[in-house]
Amino acid sequence: MPIVAPSLLASNFLILGEECKMVNESEADWFHLDVMDGRFVPNISFGLPVIEKIRTVAQKPCDVHLMVEEPERYAADFRNAGADHLIVHLEACPHLHRNIQQIKSLGMKAGVAINPHTPVQMLQDILQDIDIVLVMSVNPGFGGQQFIPHTLQKIKLLRQRIDQLGLGALIEVDGGVNLQNAKMIIDAGAHVLVAGNTIFSATDPASVIHQLKHIQ
Ligand code: DX5
Ligand code: ZN
């Protein structure tokens with residue numbers, strides 16, 4: 001059964017409290033929170049004060065996906081705002097190993113995200129140090145985009161590598177996940193499905209979460 005992480009980026013911010021309540025009461029496992037700085041990605045989303053508020057009501061781990069440059073400047077702030085997992089982009093981190101150690105020393109689970117063009121081989125010398133690999137299946141910056149099919153090959157390769165080495169890193173897939181492609185993504189080896197629009201644009205979001213959990 002996959003871990004399901006609804007991306008609040010696609011929620012209705014006017015009723016964020018109710019959206020959080022829906023996630024709490026659903027079969028979802030994590031809250032996925034997308035932070036964008038308008039530099040690493042061409043969009044700005046939400047930041048620390050919003051996450052701080054979400055944390056006061058969230059009854060599940062907060063999986064914070066940083067699409068920002070120089071994430072090391074903010075790691076402690078995100079921990080203080082309540083992040084349980086902090087995911088940084090490989091492409092934004094020339095000192096990735098140091099960044100991962102920092103996140104872990106702050107007491108959070110550490111994740112590395114890779115863009116669609118970044119080969120999974122680039123993770124070779126960091127895989128043993130991380131809790132989560134986030135494989136972007138769209139170009140980061142916006143919700144509601146189409147899943148890039150080549151991602152499936154990347155997931156397969158990564159899963160083989162993780163299993164061969166006996167590592168515990170979870171593979172999280174983010175972007176364009178829906179009820180049609182979820183099975184292929186899980187079969188390729190993903191452990192975690194992030195879904196934004198598929199969940200929050202539905203008339204019954206909790207039922208979509210249920211379907212993602214029980215996909216076969
Ligand atoms: C995209 C974000 C995703 C996004 C997914 O940059 O990282 O988490 O919210 O949204 P959907 O599921 O709508 O593609
Ligand atoms: Zn994300």
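**Ligand 1 and its shell**

In this predicted model, the shell around ligand 1 comprises eight nonpolar, ten polar and two charged residues. In total, 20 residues surround the ligand. S7, D34, D174, G196 and N197 are the closest. The space that ligand 1 takes is the largest pocket.

Strands contribute to this shell. At least two of its residues come from each of β2 (31-36), β3 (62-67) and β8 (192-195). β2 provides the largest share, with three residues.

D34, one of the closest residues, places a polar side-chain atom 2.8 Å from a ligand oxygen. For H65, a polar side-chain atom lies 3.2 Å from an oxygen atom of ligand 1. G176 contributes through its backbone: an N or O atom there lies 2.8 Å from an oxygen atom of the ligand. Ligand 1 has 380 Å² of accessible area on its own, and the protein covers 98% of this area.

Aromatic rings were examined next. A pair of aromatic rings is described by the distance of the centres and the angle of the planes. The count comes to one aromatic pair. The partners are F13 and F46, in an edge-to-face arrangement. Their ring centres lie 5.9 Å apart, with 85° between the planes. This pair links distant parts of the chain, as the two residues are 33 residues apart. F13 belongs to the loop between β1 (3-6) and α1 (16-25). F46 belongs to the loop between β2 and α2 (48-57).

Conventions: Residues are numbered from 1 along each chain as its sequence is written. Chains are lettered from A and ligands numbered from 1 in the order in which they are written. This is a predicted model: local features need pLDDT of at least 70, side-chain atom pairs count only at pLDDT 80 or more; totals for chains, interfaces and linings use all residues. Side-chain values use heavy atoms; hydrogens and water are left out. A residue is near a molecule or strand if one of its heavy atoms lies within 4 Å of it. A polar contact is a pair of N or O atoms within 3.5 Å; within protein, one must be able to donate a hydrogen and the other to accept it, and residues adjacent in sequence count only if both atoms are side-chain atoms. Accessible areas come from the Shrake-Rupley method with a 1.4 Å probe; for residues, only the protein chains shown count as cover. On a 1 Å grid over the protein atoms alone, a cavity is a set of points where a 1.4 Å probe fits but cannot get out, and a pocket is an open set with protein on both sides within 12 Å along at least five of seven lines; lining residues have an atom within 4 Å of a point. A molecule sits in a cavity or pocket if more than half of its atoms lie within 2 Å of its grid points. Helices (H or I, at least four residues) and strands (E, at least two) are DSSP runs, numbered from the N terminus. Ala, Val, Leu, Ile, Met, Phe, Trp, Tyr, Cys and Pro count as nonpolar, Asp, Glu, Lys and Arg as charged, and the others, Gly among them, as polar. Rings of Phe, Tyr and Trp (its six-membered ring) pair if their centres lie within 6.5 Å; planes under 30 degrees apart count as stacked, over 60 as edge-to-face and the rest as tilted.
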